[in-house]
Amino acid sequence: MSNETFRQEVKDWLAENCPPGARGDGQIPTGSTKIVLEDPDTKLWLKRMAEKGWTAPTWPTEYGGGGLSTEEAVILLEEMQVIDARAPLLGMGIRMIGPTLLEFGTDDQKQRHLPKIVRGEAAWCQGYSEPGAGSDLASLRTRAEDQGDFFSINGQKTWTSGAQYADWMFALVRTNPDVPKHEGISFMLLDMDQPGITTKPVQLISGSSPFCETFFDNAIAQKSDLIGKVNQGWSVGKRLLQYERSGQGGLAGSPRLETGGIRGDLSPMDSIAKQYVGENDQGLIADTDFRDEVIRHHMNSHSFKLTQKRVGEENSFGKTLGEATSIFKIFGSNLARTGAELKIRLMGTQGHGWEGEMFSDDELESTRTWLASRSITIYGGTNEVQNNIVAKRVLGLPD
Ligand SMILES: Cc1cc2nc3c(=O)[nH]c(=O)nc-3n(C[C@H](O)[C@H](O)[C@H](O)COP(=O)(O)OP(=O)(O)OC[C@H]3O[C@@H](n4cnc5c(N)ncnc54)[C@H](O)[C@@H]3O)c2cc1C
C-alpha cells in the first residue's frame, strides 16, 4: 500500500474512532489495573487503539502490536497530531520494558507479557535505584538467591515510581556478590501482587506520592521471568535505560511530545508567550533581555522538535540511538525545565499560586509543573551522568 493510501486510511479511521474526549488535554492511561479510568472516552480510545495494535504501532502483530513500518508509524503520529489526539497509552510497559523484551526476551516471555502491555492491562515499575545505589547503580545490593524453580529476593529499592499502582516490576538484582560488581547482576520480572513485596509511598511537599520505597522480604521471581542470562543483566538494564532516555528526549514517538510528563514542545507556553511577546513586538514584556530569553527558548524548542523528527525518520522509529540518546535526554530535560521556569516568570505573581479562587486552573497547574520540572534532570540518570556518557561513549574522550 502506498504511503498516501495509508495516510488516507488512517485519517478516515481516526475521524471515526477517536472520540472527542480523547483529544486535547486529559488523562493518559498507564495500563494500571489499580487506577480507575473515569472518562469513558479515554477508555474507549484505549480499547479501540489496542484492538488495532496501535498502542504499540511498530511491535509485531504476533505480540499484539500494529506491525507498522517506521514510515507508517510516523504517518499515524502525524495524523494524531492533526486532530490533537492524546496517546492512548503511555508508561513503562510501552516505553521501557516492552522494547527491551522485544530485544532480549524469549518467545514465551514476549507472549506472556507484551499483549497485556499493548492492551493496557499491566502497569510496570522500575526497580533499579536503592539507598546507596543511584548514579552508581552497579553498587546495588538487593539479593536474589537461586531456589531451584525460582529466585528468592531480599532487600530494598527506592524512588520506585508508581510502584503502588504497578502490576509488575522489572528489577536489577545481585545474583553474585563475589565478582566485579557489573558481572554479578541479573535482570528479572516480579509480580507485584505477592506477600513478599511491600510498597511505602514517599510523600512530597506537594502532598502527592509519585514514588515509593519498595521492600522485598523473601519475594519471588520465577525462573521463567529471568531476562537474558543469570549475572548478565547489566547490559539488559543499560539498554532499558536507553529506551527510558529516548522517551525523555522525545524520541519514543508520542503524538504530543512529552518529557517526563512535561510537554517537550511546551505548547502551553505558546499562547502565553504570544500574549506577552506579542505580534509585531507589541507585547507586554518591557524587558528586552527577558523577551530575548523567551524567543530563544521558542527557537530551541522548535529546532529540537525538528531534530527529533529527523532522527525518528532516519532511525528505525521506536528504536533507540544507543548511547547518543543521552544527548536528547540532556537537551530535552533542560528545555522542559527552562520552559516551565519562563512560564511562571511570565505569569508574575499569578505563576506562584498553590490554591484559591484568585488563580485559574492553568495557573495552578503551572506552579506544579514548575516544581515537577526540577526532577527531570535527575531521573533516568542525572544530567551530570549523561554528560559523562556523552563524553566517554559518544565523543570517545578518555576516562
Ligand atoms: C521523580 C523521580 C522518579 C524516579 N523514579 C525512579 C524509578 O521509578 N525507579 C528507579 O529505580 N529510580 C527512580 N528514580 C531515581 C533516579 O534514577 C536517581 O535519583 C538518579 O539515578 C540519581 O541517583 P541518586 O538520587 O542516588 O543521586 P546520587 O547518585 O547520589 O547523585 C547525587 C549528585 O551527584 C552527582 N553525581 C553522582 N555521580 C556522579 C559522577 N560520576 N559524575 C558527576 N556527577 C555525579 C549527580 O549528578 C547528582 O547531582 C527517580 C528519581 C526521581 C527524581
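1. Strand pairing first. S3 and strand S7 (residues 211-222) run antiparallel and are joined by 10 bridges. Ile153 stands opposite Ala219 in S7. The model is predicted.

2. On S2. Strand S2 (residues 143-146) is also antiparallel to S3, with 4 bridges between them. Asp146 stands opposite Phe151 in S3.

3. On the ligand. The shell around the ligand holds 18 residues, of which Tyr128, Gly134, Ser135, Ser161 and Thr382 come nearest. By class, 7 are nonpolar, 10 polar and 1 charged. Strand S1 (124-127), strand S3 (150-161) and helix H11 (383-394) each supply at least two shell residues.

4. Why is the ligand placed between domain 2 and domain 3? Both domain 2 (124-231) and domain 3 (249-394) give residues to its shell, so the ligand lies between them.

5. On the largest nonpolar core. This core has 67 residues. Those touching the most other members are Leu76, Trp124, Ala166, Trp168, Met169, Met188 and Leu190. Strand S4 (residues 168-174) gives the largest share, 6 residues. Domain 1 (3-118) and domain 2 (124-231) each contribute at least three residues to this core.

6. Leaving aside residues up to four places away in sequence, Leu76 touches Val10, Trp54, Pro57 and Leu68.

Conventions
Residues numbered from 1 in each chain as written. Predicted model: local features only at pLDDT ≥ 70, side-chain atom pairs only at ≥ 80, totals over all residues. Near = placed C-beta within 6 Å. Nonpolar A, V, L, I, M, F, W, Y, C, P; charged D, E, K, R; others polar. Domains from an automatic or database assignment. Core = buried A, V, L, I, M, F, W, Y, C linked by C-beta atoms within 7 Å. Buried ≥ 20, exposed ≤ 12 C-beta atoms within 10 Å, placed from the backbone. Contact = placed C-beta atoms within 7 Å. Pairing = 2+ DSSP bridges.
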